[in-house]
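Q: Please take a close look at one part of this model, the ligand site and the backbone around it. I would like one connected account.

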Amino acid sequence: MKGFLSTVDYPLEDLERLLHAAERFKHAIDVSKPLAGRSVALVFFNPSLRTRASMQVGIYELGGNAVVLEPGGTSWTLEHRDGVVMDGDKTEHLAEFVRVLSRYGSAIGVRTFAAMNDWSEDRVDPVLNAFAKYSEVPIINLESAMHHPCQALADMMTIREKLDAGKKKVTLTWAWHPKPLPMAVPNSFALAAAQMGHDLTVAHPLGYELDEKLMETIRHKAMEAGGSVQITSDIDQAVEGAEVVYAKSWGGKHFYGTPDRDIAERAQYREKWIVDEGKMARTNHGIFMHCLPVRRNVIVTDGVIDSPASVVIDEAENRLHVQKAILAELMKVKPQNKRAAD
Ligand code: CP
């Protein structure tokens with residue numbers, strides 16, 4: 001593994017190996033320190049609780065040192081586009097920023113959300129790919145415009161932990177939220193669920209479709225792994241018999257650049273598109289999942305998130321264990337940077 005940008009880059013056996021390693025870290029069977037004497041840079045363009053805290057704690061527990069940078073806050077504002085005349089508000093180009101960090105650390109984690117101005121730009125993950133282009137060390141995606149693979153792997157670990165290792169009926173449902181949000185979490189959850197061979201249902205109102213090309217990949221991965229994919233705009237049908245209900249809101253890609261149009265469109269879905277006790281009663285003793293942060297009584301009712309069916313806190317804990325597994329795996333490869341003495 002030269003980096004961890006999306007689970008799509010890894011065959012099932014690699015994902016299985018990571019999940020196995022994560023379980024060993026979780027149960028203190030593996031207490032190795034593969035980051036001893038090494039540093040990892042964590043670059044946050046956007047806010048975070050779980051990702052930042054779990055990466056810092058994980059790096060410490062693996063014996064390493066985390067260097068946290070916030071472009072525009074604790075480090076310079078950054079330009080990622082090639083060939084730009086930098087006479088605006090950006091001080092440093094990623095070409096220098098990333099190559100300099102590559103000389104200090106053994107890996108770079110980056111969080112860079114979708115700008116949500118133009119779908120055609122966000123869908124190619126421009127900032128994450130600029131990091132990958134310039135880096136001499138592995139890049140870990142800590143949520144980009146299109147993917148949140150660390151979250152997805154923690155989600156797969158949680159499903160397996162709560163429900164055993166077999167194929168499950170997994171429902172990913174859109175939920176109403178007062179403003180449009182990026183699609184990285186639903187994209188990566190659906191992809192990983194397909195890669196693991198689950199029977200996946202994706203529920204959303206018309207107009208909130210996920211990326212078509214990604215859905216093609218998800219269908220292909222599901223078929224390869226012996227699973228299936230269904231799309232529906234009927235949330236009641238989607239949760240019927242589900243063993244996992246994964247809630248997440250996201251913006252309609254046709255509304256990128258015009259959020260007020262999205263907000264007006266989604267208003268009609270406020271009452272129906274919430275995970276409540278009635279919907280959970282339709283499931284097959286289903287568990288409730290969400291990546292967090294979550295708006296209570298908007299995405300999910302208090303009655304559901306506070307019920308025994310809710311696994312959101314264990315799901316957040318599992319971020320720590322899967323990220324330790326990813327870091328440990330990446331450290332098996334000799335660093336490719338020019339300072340690569342370690
Ligand atoms: N789930 C998740 O990535 O949480 P944060 O945004 O708090 O890091």
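Where is Glu143 found?

A: This is a predicted model. Glu143 is found in a loop. The backbone at Glu143 deserves a look. Its phi is near 115°, a positive value in a residue that is not glycine. Most residues other than glycine have a negative phi.

Now the ligand. Ten names make up the list of its surroundings: Ser48, Leu49, Arg50, Thr51, Arg111, His148, Gln151, Cys291, Leu292 and Arg319. By class, this shell has 3 nonpolar, 4 polar and 3 charged residues. Domain 1 (7-147 + 319-341) gives residues to the shell, and domain 2 (151-316) does too, so the ligand lies between the two domains. The space that the ligand takes is the second largest pocket.

The side chain of Arg50 has an N or O atom 2.9 Å from an oxygen atom of the ligand. For Thr51, a side-chain N or O atom is 2.7 Å from a ligand oxygen atom. Leu292 takes part through its backbone: a polar atom there is 2.9 Å from a nitrogen atom of the ligand. On its own, the ligand has 260 Å² of accessible area, and the protein covers 93% of it.

Stay with Leu292. A cis peptide bond joins Leu292 to Pro293, with omega about 0°. Most peptide bonds are trans. Pro293 lies in the loop that runs between strand S11 (287-289) and helix H12 (302-305).

Technical notes:
Residues numbered from 1 in each chain as written. Predicted model: local features only at pLDDT ≥ 70, side-chain atom pairs only at ≥ 80, totals over all residues. Heavy atoms only, no water. Near = heavy atom within 4 Å. Polar contact = N/O pair within 3.5 Å; in protein donor to acceptor, adjacent residues only side chain to side chain. Areas by Shrake-Rupley, 256 points an atom, 1.4 Å probe, with all protein chains shown as cover. 1 Å grid on protein atoms, 1.4 Å probe; cavity = no way out; pocket = protein on both sides within 12 Å on 5 of 7 lines; lining within 4 Å. Sits in = over half its atoms within 2 Å of the grid points. Nonpolar A, V, L, I, M, F, W, Y, C, P; charged D, E, K, R; others polar. Domains from an automatic or database assignment. Helix = DSSP H or I, 4+ residues; strand = E, 2+ residues; numbered from the N terminus.
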